[in-house]
Amino acid sequence: VKLSEDELCAMALSLALKGHPEAPGIIARQRERIAGKERLERFDFVTPAVSPDVTVRDAFFESLRDPARREREPWVLEALGYLHHPMVAERSEKYILPSLEMLEEIKATGDIFFPGSWISATLAGHRSPEARATVEKFLDEHPDYPSDLKLKILQAADHLLRQ
């Protein structure tokens with residue numbers, strides 16, 4: 001089977017996410033094989049989201065507070081998908097509240113569909129009572145939250161709130 005460059009990148013990132021012992025070497029080798037400049041930039045952007053090092057993941061998430069770091073929205077959503085993957089959801093619960101708090105700014109600085117995609121990518125991998133409590137508390141503490149964003153949160157959190 002011949003895999004595409006994108007498939008090989010996804011496989012390398014998935015192995016890193018899953019804590020494969022040779023992940024750093026796999027990531028490095030895949031990085032060397034990437035031909036296009038933009039694909040390499042995307043790979044480099046997403047890679048910190050699968051890092052086993054909490055300080056690297058934290059720094060990556062904090063970097064998303066800068067609107068310039070969110071300009072390539074598909075890259076951000078891909079990274080959020082890895083950051084909040086169900087296999088590592090417990091370690092990423094701490095990013096839920098800041099993600100909710102950033103939603104209004106994301107609406108002001110991004111594409112019309114980005115806020116919904118942002119919160120969906122953030123909440124999709126979570127199933128814990130703690131994640132549910134974070135969302136419920138945020139909504140309770142913000143009764144006058146913009147209705148369009150509140151509805152996006154409720155839609156993205158539906159699987160949490162039905163538990």
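**Core and helix packing: a quick tour**

Okay, let's start in the middle: the largest nonpolar core has 45 residues, and those with the most contacts inside it are Phe 45, Leu 64, Trp 118, Ile 119, Leu 123, Val 135 and Ile 153. By nonpolar core I mean a set of buried Ala, Val, Leu, Ile, Met, Phe, Trp, Tyr and Cys residues joined through side-chain atoms within 4.5 Å; buried is under 20% relative accessible area, exposed over 50%, partly exposed in between, with a 1.4 Å probe and protein chains only. Helix H5, residues 73–83, gives the most to this core, with 6 residues. Helices here are DSSP runs of H or I, at least four residues, numbered from the N terminus.

Quick housekeeping. This is a predicted model, so local features need pLDDT of at least 70 and side-chain atom pairs count only at pLDDT 80 or more, while totals for chains, interfaces and linings use all residues. Residues are numbered from 1 along each chain as its sequence is written, and side-chain values use heavy atoms, with hydrogens and water left out.

What does Val 135 touch, not counting residues up to four places away in sequence? That would be Ile 96, Leu 100, Leu 123, Ile 153, Ala 157 and Leu 160, where contact means heavy atoms within 4.5 Å.

Now Glu 78, which sits in helix H5. At 23% relative accessibility, Glu 78 counts as partly exposed. Leave aside its neighbours within four places in sequence, and Glu 78 is in contact with Leu 13, Arg 42 and Val 46.

On to the packing of H1, residues 5–17, against H2: the angle is about 160°, with the axes 9 Å apart. That makes H1 roughly antiparallel to H2, a label for angles over 145 degrees. The axes are lines fitted to C-alpha atoms over the stretch in contact, and angles run from 0 to 180 degrees between N-to-C directions. From H1, the contact residues include Leu 8, Ala 12 and Leu 13; from H2, they include Ile 27 and Gln 30. By class, this contact has 9 nonpolar, 1 polar and 2 charged residues. Charged is Asp, Glu, Lys and Arg; nonpolar is Ala, Val, Leu, Ile, Met, Phe, Trp, Tyr, Cys and Pro; the others, Gly among them, are polar.

Last pair: H2 (residues 23–33) and H3 (residues 37–46) pack at about 160°, axes 9 Å apart. So H2 is roughly antiparallel to H3. Ile 27, Gln 30 and Arg 31 of H2 meet Leu 40, Phe 43 and Asp 44 of H3.

Notes:
Helix = DSSP H or I, 4+ residues; strand = E, 2+ residues; numbered from the N terminus. Parallel < 35°, antiparallel > 145°, perpendicular 65-115°, else oblique.
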